[in-house]
Amino acid sequence: MSTVYAIANQKGGVGKTTTAVNLAACIAEAGYEVLLVDMDSQANATVGLGLAKDAVPTVYEVLGGSSSLEEAIRPTAIEHLAIVPASPDLAGANVELPRLEESENLLRDALAPVRDRYAFTILDCPPSLGPLTVNALVAADRVIVPVQAEYFALEGLAGLLDTLSLIQRELNPRLTIAGMVLTMHDGRTRLAQDVEREVREHFPELVFDTVIPRNVRIGEAPSFGQPVIHHDPHCAGADAYFELAKEVAARG
Ligand SMILES: Nc1ncnc2c1ncn2[C@@H]1O[C@H](COP(=O)(O)OP(=O)(O)OP(=O)(O)O)[C@@H](O)[C@H]1O
Ligand SMILES: [Mg+2]
């Protein structure tokens, strides 16, 4: 069995990359083969796993057709976890992809020959609903939507859900929503509690029980090129991502 998860929300800074990297690391820790594909020209997932953002080939060369996905796969310092890195060049894909025929299918087709090798493939999307996110959503079986537990959390979610239905209808009937995960939740504040209640009321079936707390260790781990479960395995942030990984696996 192999499942492809896209981590998507067009809103910036809501915890997509943090969730992609840490979910990938937790699943790898459980002994499954995991492939993380960095779909963002900011290359935060690439750097957050300790790789340089100037190594080629990257996902940019894969989408452009000058490299196979196989050639772009790199090992990481973590057993069972491999990555297809991104680089700032990937920004060009936003202009170049729409000029190519059937450009929505490029990532799906590139992944096809390798996806069975990985029990889980995780796609870290950029903060937009542009061609790179569309490629990820076409290649994915499920979407995980990180939602920052802050004011305006719900803003944009309706638009995202509309986009997901459109992609389901037109491009990828397999696509389902695995769930929404509340991130950077500060349980001491009234605001975080209110936002959590509101998001759960709006999307009763969709929100994961696990809530990711705002946690200093999570925030600093990328500067060590590590997921939080390796940076500080016993902190609250690491515990939360392990719980989330269990919930994701249980939802199948
Ligand atoms: N639970 C958390 N506790 C503390 N800091 C966090 C937490 N989650 C994420 N951060 C920090 O918040 C910032 C934004 O997180 P992240 O990069 O994961 O968001 P993103 O949605 O991928 O952003 P972008 O839209 O730019 O790709 C980062 O500096 C990250 O380290
Ligand atoms: Mg990101």
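Alanine 192 is buried, its relative accessible area being 1%; buried means under 20% relative accessible area, exposed over 50%, and partly exposed in between, with a 1.4 Å probe and protein chains only. This is a predicted model, in which local features need pLDDT of at least 70, side-chain atom pairs count only at pLDDT 80 or more, and totals for chains, interfaces and linings use all residues. Residues are numbered from 1 along each chain as its sequence is written, chains are lettered from A and ligands numbered from 1 in the order in which they are written, and side-chain values use heavy atoms, with hydrogens and water left out.

Alanine 192 lies in helix H9, which spans residues 190–202. Helices (H or I, at least four residues) and strands (E, at least two) are DSSP runs, numbered from the N terminus. Apart from neighbours within four places in sequence, alanine 192 has contacts with Ala149, His185 and Asp186, where contact means heavy atoms within 4.5 Å. Leucine 182 is ten residues from alanine 192 along the chain, and their C-alpha atoms are 9.5 Å apart.

Elsewhere in the chain is strand S2, residues 34–38, which is mostly covered, with five of its five residues buried. Val34, Leu36 and Asp38 point one way from S2, while Leu35 and Val37 point the other way.

S2 pairs in the parallel sense with strand S4 (residues 81–84) over four bridges; two strands pair if DSSP finds at least two bridges between them. Strand S5 (residues 120–124) also runs parallel to S2, joined to it by five bridges. Leucine 36 has isoleucine 83 as its bridge partner in S4, and in S5 leucine 36 stands opposite isoleucine 122.
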